[in-house]
Amino acid sequence: MGSRSDWETMEHAVQTLARLEIPHEVRVLSAHRTPDALAAFVADVEARGAQVFVAAAGGAAHLAGVVASQTLLPVLGVPMATPLGGLDSLLSTVQMPAGIPVGTLAVGRAGAVNAALLAAAILACGDKELTSRLRRYRDEQTRAVLEVGDPSAS
């Protein structure tokens, strides 16, 4: 996350990863205020076996792009809500130059949850147990929707 204020949104990604039993690490590192610490973190976790990065930032929202510039691993960007509705964050995250890809998700909570689920799908390509856990998650979502039935009947 680019700042501590992003935690309120990104805790939903962490909860989703935990629910799927995916090991993860969480850090606050700024692309602009802590560039050396960010570079060291990316190199360290990559050396320890990280396979996917989820980077969340608002405003200028350069965190995902800077991470992507330092690794060949998939980077998923989550734009944060801002006084401009998050449009500034979305555009900053999604408009990467050719050659440095960032998979950009929705602004806010939905993007945080979906980033965790997309990371899980990427990791599940080589992990049948994770595929099974991801399938159970989707089945639970289906059951929850079907249980609602006719909301006007209550």
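**Close-up views of a predicted model**

Glu 140 is partly exposed, with 34% relative accessible area, in this predicted model.

**View 1. Salt bridge between Glu 140 and Arg 19.** The two side chains meet with an N to O distance of 2.2 Å. Because Glu 140 belongs to helix H6 (residues 128-148) and Arg 19 to helix H1 (residues 7-19), the pair ties together parts that are 121 residues apart in sequence. Arg 19 is likewise partly exposed, at 48% relative accessible area. By the rule applied here, the salt bridges number four.

**View 2. Salt bridges of Glu 25 with Arg 48 and Arg 27.** The closest N and O atoms of Arg 48 and Glu 25 are 2.6 Å apart. Arg 48 lies in the loop between helix H2 (35-47) and strand S1 (53-57), and Glu 25 in the loop between H1 and H2, so this pair ties together parts that are 23 residues apart in sequence. Through shared partners, salt bridges join Glu 25, Arg 27, Asp 44 and Arg 48 into one network. Within it, the side chains of Arg 27 and Glu 25 meet at 3.5 Å, N to O. Partly exposed residues here include Glu 25 at 38%, Arg 27 at 41% and Arg 48 at 48% relative accessible area.

View 3. Ser 89 counts as buried because its relative accessibility is 0%. A polar atom of the Ser 89 side chain lies 2.9 Å from the backbone nitrogen of Gly 59. Beyond neighbours within four places in sequence, the contacts of Ser 89 include Ala 57, Ala 61, Pro 79, Met 80 and Thr 82.

Conventions: Residues are numbered from 1 along each chain as its sequence is written. This is a predicted model: local features need pLDDT of at least 70, side-chain atom pairs count only at pLDDT 80 or more; totals for chains, interfaces and linings use all residues. Side-chain values use heavy atoms; hydrogens and water are left out. Buried means under 20% relative accessible area, exposed over 50%, partly exposed in between (1.4 Å probe, protein chains only). A polar contact is a pair of N or O atoms within 3.5 Å; within protein, one must be able to donate a hydrogen and the other to accept it, and residues adjacent in sequence count only if both atoms are side-chain atoms. Contact means heavy atoms within 4.5 Å. Helices (H or I, at least four residues) and strands (E, at least two) are DSSP runs, numbered from the N terminus.
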